[in-house]
Amino acid sequence: MPNGIVIIDKPADWTSMDVCAKLRGILNERRIGHGGTLDPMATGVLPVFVGQATRAVEFAENGEKEYLAGLRLGQVTDTEDTSGRVLETFPVTVTAADVAAALEPFRGPIQQIPPMYSAIKIQGKKLYELARKGQEVERKPRSVTIYELELVEQVSETDYVLRCRCSKGTYVRTLCHDIGRALGCGGAMYSLRRTMAAGFTLDDAVTLEDVQRQGEELLLPTDSLFSQRPILLLKSDKLEKRVRCGNPITLPGTADGTYRVYSQDRQFLCLSQARGGTLTSIKNFFGA
């Protein structure tokens with residue numbers, strides 16, 4: 001059965017779940033999940049996990065992500081992007097220098113109020129379901145981190161492209177909305193392209209048509225998700241047996257940290273944490 005990770009360059013107008021459903025049919029594998037939702041408008045890097053690799057989804061979801069976002073000044077919409085209903089319009093007199101200066105307060109840890117058109121649940125109801133009924137409810141601000149934010153180019157008097165590297169849970173369309181508000185003319189996101197997620201970039205990405213043609217050949221090994229972690233190779237049957245049974249092992253002199261752990265024949269076994277010379281599994285990737 002197919003196991004591994006495929007990095008899809010998600011096309012516009014597809015949901016992330018649409019992509020997973022398509023791949024289930026192509027690869028004939030039920031166990032498929034993605035590592036971070038992209039809205040239908042968005043394109044770009046969507047890590048998809050197949051078979052046993054689905055055990056690694058949580059690690060992809062929690063990682064940093066990078067985007068190229070189109071900011072359109074002068075309008076405010078109910079979805080905070082240009083797919084929504086326009087609520088207000090304003091004249092735009094700001095310059096590129098004004099836009100660049102306005103980005104400074106949005107760098108670092110910030111608070112965001114999630115948009116009503118989102119999948120966040122409040123009292124068991126998804127916000128977008130309430131929004132479609134014309135309801136609006138109070139949302140608590142959430143802490144996110146904007147690691148990098150820069151103006152890439154000015155496209156027109158109203159349109160700008162921003163590059164944003166951010167933490168899990170960041171709504172880039174909310175960021176565009178809030179930047180527009182800070183500039184006093186309103187703003188909405190008109191495009192979004194994810195250029196990095198879970199350490200994978202557009203250079204790693206393939207299209208659905210590529211997968212249709214080449215199938216399992218395009219699957220990356222599960223341990224590619226953890227390529228930045230050092231390798232720890234077990235050197236005895238005894239140690240390998242204990243790891244496969246889920247037991248901690250003692251490895252004196254091993255520096256504290258997170259490791260990719262491999263069997264003697266270099267099979268990827270688990271992601272483990274070393275502390276004080278004891279290695280404990282965080283997540284196992286062997287077995288059915």
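A residue counts as buried when its relative accessible area is under 20%, as exposed when it is over 50%, and as partly exposed in between (1.4 Å probe, protein chains only). Glu80 is buried by that rule, because its relative accessible area is 8%. Welcome to this predicted model, in which local features need pLDDT of at least 70 and side-chain atom pairs count only at pLDDT 80 or more, while totals for chains, interfaces and linings use all residues. Residues are numbered from 1 along each chain as its sequence is written, and side-chain values use heavy atoms, with hydrogens and water left out.

**The chain as a whole**

- You can find seven helices and 18 strands in the chain; these are DSSP runs numbered from the N terminus, with helices (H or I) of at least four residues and strands (E) of at least two.
- The C-alpha trace spans about 70 × 45 × 40 Å along its principal axes.
- Of the 288 residues, 49% count as buried.
- A contact means heavy atoms within 4.5 Å, and among contacts between residues at least 6 apart in sequence, 66% join residues at least 24 apart.

**Spaces inside and at the surface**

- On a 1 Å grid over the protein atoms alone, a cavity is a set of points where a 1.4 Å probe fits but cannot get out, whereas a pocket is an open set with protein on both sides within 12 Å along at least five of seven lines; lining residues have an atom within 4 Å of a point.
- Grid points are joined across faces, edges and corners, and a volume is the space filled by probe spheres set on the points.
- The count comes to one cavity of 30 Å³ or more, and the largest cavity has a volume of about 50 Å³.
- Among the residues lining the largest cavity are Val243, Pro248, Cys270 and Ser281, and β18 gives the largest share of this lining, three residues.
- The largest pocket holds about 1100 Å³ of space; of its 34 lining residues, Thr37, Leu38, Asp39, Tyr171 and Arg173 are the closest to its centre.
- Elements that each supply at least two residues to the pocket lining include α1 (16-27) and α5 (172-183), while the largest share, three residues, comes from β12.

**Two threonines to look up**

- Thr174 is found in helix α5 and is buried, with a relative accessible area of 2%.
- Leaving aside neighbours within four places in sequence, Thr174 is in contact with Glu80, Gln112, Ile113 and Pro115.
- Thr222 lies in the loop between α6 (208-214) and β14 (231-233), and is buried with a relative accessible area of 14%.
- Thr222 and Gln52 are 170 residues apart along the chain, yet their C-alpha atoms are separated by 8.3 Å.

**Two residues with a positive phi**

- Most residues other than glycine have a negative phi.
- Asp13 is not a glycine, but has a positive phi of about 75°; Asp13 lies in the loop between β1 (4-10) and α1 and is exposed, with a relative accessible area of 67%.
- Glu80 is not a glycine either, and has a positive phi of about 70°; Glu80 sits in the loop between β5 (75-77) and β6 (86-89).
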